[in-house]
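Here is a friendly note to read alongside the structure. Please keep the 3D view open and find each element as it comes up.

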Amino acid sequence: MKKKPLILVTNDDGITAPGIRALISVMNEIGDVIVVAPDSPQSGMGHAITVNSTLYCSPITINHDDVQLEYSCSGTPADCVKLAVNEILNKKPDICVSGINHGSNSSINVIYSGTMSAAVEAGVEGIPAIGFSLCDYSWEADFDSVKKYVKTITEGVLKNGMPKGVVLNVNFPKLKENEIKGIKVCRQANARWVEEFDKRTNPMGREYYWLTGKFVNQDKGEDTDEWALANGYVSLVPVQFDLTAHHAIQDLNTWNLNE
């Protein structure tokens, strides 16, 4: 009998979020599941880790019918992966899946994303990893519509492996299952947030700010994640965590910095 893969599941919306519960249900069809996820929402944390305060990680039961082991962690998504590998599992899982995030992590959002930071942390450890996100911020989002694609992509990674230093960023359009046209392997769109700050004053006279703004996509390419999502496809972007701008090295070497 073929041994089942060991699957680490985490997220950034918190261990009780509907998105991770949907992801767990799919992973239970594929392998043996261990869940280590934040005890509260950690959206927008990027790759933050906890260094100046204590971390707590305790077994928890969310649904008594569940078969997997689950741990609730006081830290960030990256903390969850570190603790899972070094303390709970004491070994590397066969794959780490993060999500399903409530909201998009396409384009520039990948660098702010707690969902993707967990996948990247797993990748740093040499673990094949995927971050899944649905372009619907609602707590009642329909995750059933994307379960088929979650399973297909996860099984694809388990079968084929991943290139060294690469993890996958997968985003789903907010569509019914029969409206999704398929999966597109894409590049990250050249888009960004144009921030604005709503400045207010509290009753004590102290000024404070709410971050607002709008997402601007000036990339007209039809090979991007933003194009794929806007046209009814699941976007799949291979992400590398070596941030070296290799194309700039030759130019920088012309600066004669040692003279």
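This is a predicted model: local features need pLDDT of at least 70, side-chain atom pairs count only at pLDDT 80 or more; totals for chains, interfaces and linings use all residues.

The points below go from the sheet to its helices, the cores and the salt bridges.

1. Start with the open sheet, whose nine strands follow the order 3-4-2-1-5-6-7-11-8 with mixed pairing. Its edges are strand 3 (57-59) and strand 8 (182-185), each of which pairs on one side only. On average, neighbouring strands are turned by 20° against each other, direction ignored. As background, strands of a sheet pair through backbone hydrogen bonds, either parallel or antiparallel.

2. **Strand 7 and its partners.** Look next at strand 6 (residues 129-134) and strand 7 (residues 166-172), which pair in the parallel sense over five bridges. Along this pair, I130 stands opposite L168, and L134 stands opposite F172. With strand 11, strand 7 pairs in the antiparallel sense over six bridges; here V170 has L236 as its bridge partner.

3. **The two faces of strand 7.** In a regular strand, side chains alternate between the two faces of the sheet. Which residues of strand 7 point one way, and which the other? V166, L168, V170 and F172 point one way, while V167, N169 and N171 point the other way. Seven of the seven residues in strand 7 are buried.

4. Helix 4 (residues 147-160) lies across strands 5, 6, 7, 8 and 11, and runs at about 165° to strand 6. Do check the handedness on screen: strand 6, helix 4 and strand 7 make a left-handed β-α-β unit.

5. In soluble globular proteins, nonpolar side chains tend to be buried together. In this model the largest nonpolar core has 32 residues, and V9, M27 and F132 touch the most other members. Helix 1 gives the largest share of this core, six residues.

6. How many salt bridges does the structure hold? There are ten. One of them joins E70 and R21, with the closest N and O atoms 2.7 Å apart. This pair links distant parts of the chain, as E70 is in strand 4 and R21 is in helix 1, 49 residues apart. Both E70 and R21 are buried.

7. **Salt bridges between loops.** The side chains of D136 and K174 also meet in a salt bridge (3.9 Å, N to O). D136 is in the loop between strand 6 and helix 4, and K174 is in the loop between strand 7 and strand 8. Why does D136 count as buried? Its relative accessibility is 11%, and buried means under 20%. K174 counts as exposed because its relative accessibility is 58%. Another salt bridge joins D223 and R187, at 3.0 Å between the closest N and O atoms. D223, at 41% relative accessibility, counts as partly exposed, and so does R187, at 34%. Salt bridges that share partners join R187, D219 and D223 into one network.

Technical notes. Residues are numbered from 1 along each chain as its sequence is written. Side-chain values use heavy atoms; hydrogens and water are left out. Two strands pair if DSSP finds at least two bridges between them. Helices (H or I, at least four residues) and strands (E, at least two) are DSSP runs, numbered from the N terminus. Axes are lines fitted to C-alpha atoms, for helices over the stretch in contact, and angles run from 0 to 180 degrees between N-to-C directions. Contact means heavy atoms within 4.5 Å. A nonpolar core is a set of buried Ala, Val, Leu, Ile, Met, Phe, Trp, Tyr and Cys residues joined through side-chain atoms within 4.5 Å. Buried means under 20% relative accessible area, exposed over 50%, partly exposed in between (1.4 Å probe, protein chains only). A crossover is right-handed if, with the strands pointing away from the viewer, the path from the first strand over the helix to the second runs clockwise. A salt bridge is a side-chain nitrogen of Lys or Arg within 4 Å of a carboxyl oxygen of Asp or Glu.
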